[in-house]
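Notebook open, model loaded. I wanted to go through the strand pairing and then the ligand site.

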Amino acid sequence: MQILHVIQGNETLFSGFGARIGVVCPVRMDGMRPPGMTLQRLHDYEYERHATAKSKETMSELERWETRFSAPGYHFGTEPNAFLGSQAHLLRPGQTALAVADGEGRNGVWLAQQGLDVLSVDFSPTAQRKAQALAAARGVPLRTEQADIDTWTWPDAAFDVIVGIFVQFPSPEGQARMFDGMRRALKPGGLLLLEGYGRKQLEYATGGPKELARLYTRERLEKAFAGFASLDIREYDTMTSEGDAHVGMAALVDLVGRK
Ligand SMILES: C[S@@+](CC[C@H](N)C(=O)[O-])C[C@H]1O[C@@H](n2cnc3c(N)ncnc32)[C@H](O)[C@@H]1O
């Protein structure tokens, strides 16, 4: 006996036994029964196999972040990132700021508390609702825009300050496009504040991408922001404690740049 899979496009509509199927549609025959496996177990196995493949395929990056952010509380905490907080002396009330992939808003809200006019962009609506709630709790205005950074149209010379904290989710090519967007969206003389993980983070495994090419190095960032009036890049290891997401030793790379 063989398993029949009823397939339409990329969808498996039904996996079962040939005898039970009496419909005319494209059918693929495969799946020999391994020795010792009962027909019921084989059917269950086939069903699970297809369901798992399907959910892996359709569980998009957005769904993954939505699932994370739908848990109660603030995944990365409500305090600003430590590096960002240490740069308060460079900020002036009234400046326009863009917080890239700002998630639940801990950084965007803190910038607003410094008196900046902040646009907080992220693709997760759940995170943005939390960002708005945090802004309301702190009594500051926060503009939010739900957008996919990979396809977002970066405005020209629109911001005095751009902040990107742990925004290493795009592919290396996507990161290059994001860095170009940041360059373009900064006003002349504008301030860029970036923090991300360095390559040694793969050893610490306390957060961040698992792919070497997505991690920052001084050379990558110097190349990406060549032509800036000033660039101060620091690579170091430190203890982190940011909500329940980033806890423990981490290899960080900080950038303070002036366009
Ligand atoms: C590691 S978290 C950092 C969040 C925030 N910057 C912070 O430090 O608290 C990465 C963020 O990127 C967002 N994100 C991932 N892919 C994105 C995309 N393609 N477009 C916009 N936001 C994205 C996630 O929703 C999440 O909020």
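I started with E8 (residues 186-197) and E10 (residues 246-258), which pair antiparallel over seven bridges. Helices (H or I, at least four residues) and strands (E, at least two) are DSSP runs, numbered from the N terminus, and two strands pair if DSSP finds at least two bridges between them. Leu193 has Val256 in E10 as its bridge partner.

A note on the source: this is a predicted model, where local features need pLDDT of at least 70 and side-chain atom pairs count only at pLDDT 80 or more, while totals for chains, interfaces and linings use all residues. Residues are numbered from 1 along each chain as its sequence is written.

Next I checked E9 (residues 230-242), which runs antiparallel to E10 and is joined to E10 by 13 bridges. Tyr236 sits opposite Leu252 in E10. E9 and E10 make a hairpin with three residues between them, and Gly243 in the turn has a positive phi of about 60°.

Then I traced the whole sheet: it is open, with seven strands in the order E6-E5-E4-E7-E8-E10-E9 and mixed pairing. E6 (143-146) and E9 are the edge strands, each pairing on one side only.

At the E6 end I found E5 (residues 117-122) running parallel to E6, with four bridges. Leu119 is opposite Arg143 in E6.

Last, the ligand: 19 residues surround it, the closest being Phe76, Ala101, Gly103, Phe123 and Ile149. I counted a residue as near if its C-beta atom, placed from the backbone, lies within 6 Å. H2 (61-69) and H4 (106-113) each supply at least two residues of this shell.
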